[in-house]
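Hello,

Here is the structure I said I would pass on. My notes on it follow below.

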Amino acid sequence: MYSEEHLYAIALRECAFIGDINFYKLVRTFGSAKEAWEKTNKEYKRLDGFGRKMISDIGNPEHLKFAENELKFCEQNNIRINLRHHHELPKLLNECDDAPAILYQKGNFDDQKMKVSIVGTRNMTSYGSQFIQDFFEETKSCHYVSVSGLALGVDKEVHEQSIRHQVPTVAVLAHGFHILYPAKNRKLAEKILQEGGTLLTEFNSSRKPDRENFIQRNRIVAGISPATIVVETAFGGGSISTATFANQYNRDVFALPGKITDRHSQGCNHLIYQNKAAAISTIKNLAENLGFNRAESKIENLFSKSEIMPQLSEDQKLILSVISDNPKIALDDIIGKTQLPSHKILPIILELELLAKVKSLSGRQFLAI
């Protein structure tokens, strides 16, 4: 089940100063984890940016002993070990510069189906819960896989609704497979596996759910999917980091807007305000933007079964016309064509986003929908 390369990969990744990026540099230089383990100390001058201190822990026999025990643990618990340099990671995740060198897996993972990451606060409100329920109800016949972090609140609701609507779901953990955190979600994790879903983690069995692991985990949640949906989050919530990673990876980000007085909508509203996320106005438009095949499902408006066609103001019509005629137009060019000041244009663009007329792109560029 496991090869010699798995042994040396685990040992190498356990070395001090050898993170995912340095690990990948080593195996690309020497051809394998085993070769890197055996040759780095003698030939480290071949490596750009590697000093004596950085490679000092490579070859430590204690790490090989640890790796041997880790392989036994994985074998006993039916855990698959995916190596990035063997191209065994999910395709989109592998494109990220900081993708994990090793990804541990329980359950089945279908990399052919589209992935959608859905994240949010642990303190979910009825507003967020209703959105998640409606989203899965209206997209249940679409072929995709949901991804979240198995935390309480939004993550838990995402996994549960996925199971309820027979949508495969992936839970990305912030610790090794020797424990399950939070313990309240242990039965949910078992149900995910029973229903053909997946548990993933980059952490070996020595790693506890330490605070810093959750931010690190979030980059996998963002990197594994072409799109991330932020349901509810406060300022500085963990989901903001997931959205930030998704932006860095040039992935689509969508946020559910809410009242400015609602604490757990403030993070979403701010992402939209900063053009770091597109506003969700209807599930219909969200599904279209996600690229879902809706042949078997009629997607209706968010929280509404009737189509509302609002009247646009003259300024809204002007800006929408400019954006429609100039796909991916930059803000400065909109200012030049409309002769309107930026402080007036940006609120109008936000209104058009909320009406699902316009989509924000990176670099303050805009596209008509």
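Over the face of which ring does Lys106 lie? Lys106 lies over Phe177, at 5.7 Å from the ring centre. A charge is taken to sit over a ring if NZ of Lys or CZ of Arg is within 6 Å of the ring centre and within 35 degrees of the ring normal. Arg84 is placed over the face of Tyr24, with 3.9 Å to the ring centre.

Some ground rules first. This is a predicted model, in which local features need pLDDT of at least 70 and side-chain atom pairs count only at pLDDT 80 or more, while totals for chains, interfaces and linings use all residues. Residues are numbered from 1 along each chain as its sequence is written, and side-chain values use heavy atoms, with hydrogens and water left out.

Confidence

The mean pLDDT of the protein chain is 91, and 95% of its residues reach 70 or more; pLDDT is the predictor's confidence in each residue, from 0 to 100. Over residues 294-301 the pLDDT is below 50, and this stretch has 23 contacts in the model beyond near neighbours in sequence. Residues 304-308 also have a pLDDT below 50, with 6 contacts counted in that way. Contact means heavy atoms within 4.5 Å.

Aromatic pairs

The whole structure holds 9 aromatic pairs. Rings of Phe, Tyr and Trp (its six-membered ring) pair if their centres lie within 6.5 Å; planes under 30 degrees apart count as stacked, over 60 as edge-to-face and the rest as tilted. One of the pairs is Phe135 with Phe292: the ring centres are 6.4 Å apart and the planes are at 45°, so this pair is tilted. Phe135 lies in helix α6 (residues 126-138) and Phe292 in the loop between α12 (283-290) and α13 (314-325), so the pair ties together parts that are 157 residues apart in sequence. Helices (H or I, at least four residues) and strands (E, at least two) are DSSP runs, numbered from the N terminus. Both Phe135 and Phe292 are buried. Here buried means under 20% relative accessible area, exposed over 50%, and partly exposed in between (1.4 Å probe, protein chains only). Ring pairs also join Phe131, Phe135, Phe136, Tyr144 and Phe292 into a cluster.

Backbone

Most residues other than glycine have a negative phi, and most peptide bonds are trans. The peptide bond from Tyr181 to Pro182 is cis, with omega near -5°. Pro182 is in the loop between β5 (169-172) and α8 (186-194). Asn250 has a positive phi, near 60°, and sits in the loop between α10 (238-248) and β8 (252-255). Its relative accessible area is 62%, so Asn250 is exposed. Lys328 likewise has a positive phi, near 60°; its place is the loop between α13 and β10 (329-330). With a relative accessible area of 52%, Lys328 is exposed.

Buried loop residues

Ser225 belongs to the loop between α9 (211-223) and β7 (227-230) and is buried, at 0% relative accessible area. Leaving aside neighbours within four places in sequence, Ser225 is in contact with Leu92, Lys115, Val116, Ser117, Val147 and Arg251. The side chains of Ser225 and Ser117 make a polar contact (2.7 Å). A polar contact is a pair of N or O atoms within 3.5 Å; within protein, one must be able to donate a hydrogen and the other to accept it, and residues adjacent in sequence count only if both atoms are side-chain atoms.

Asn185 is in the loop between β5 and α8 and is buried, with a relative accessible area of 0%. Beyond neighbours within four places in sequence, Asn185 is in contact with Leu150, Ala151, Leu152, Lys156 and Leu180.

Thr233 is in the loop between β7 and α10 and counts as buried at 2% relative accessibility. Its contacts outside four places in sequence include Arg263, His264 and Cys268.

Cysteines

The count of disulfides comes to 0, a disulfide being a pair of cysteine sulfur atoms within 2.5 Å. For Cys74, the closest cysteine sulfur is in Cys15, 17 Å away, which is too far for a bond. Cys74 is buried, with a relative accessible area of 0%, and Cys268 counts as buried at 0%.

Regards
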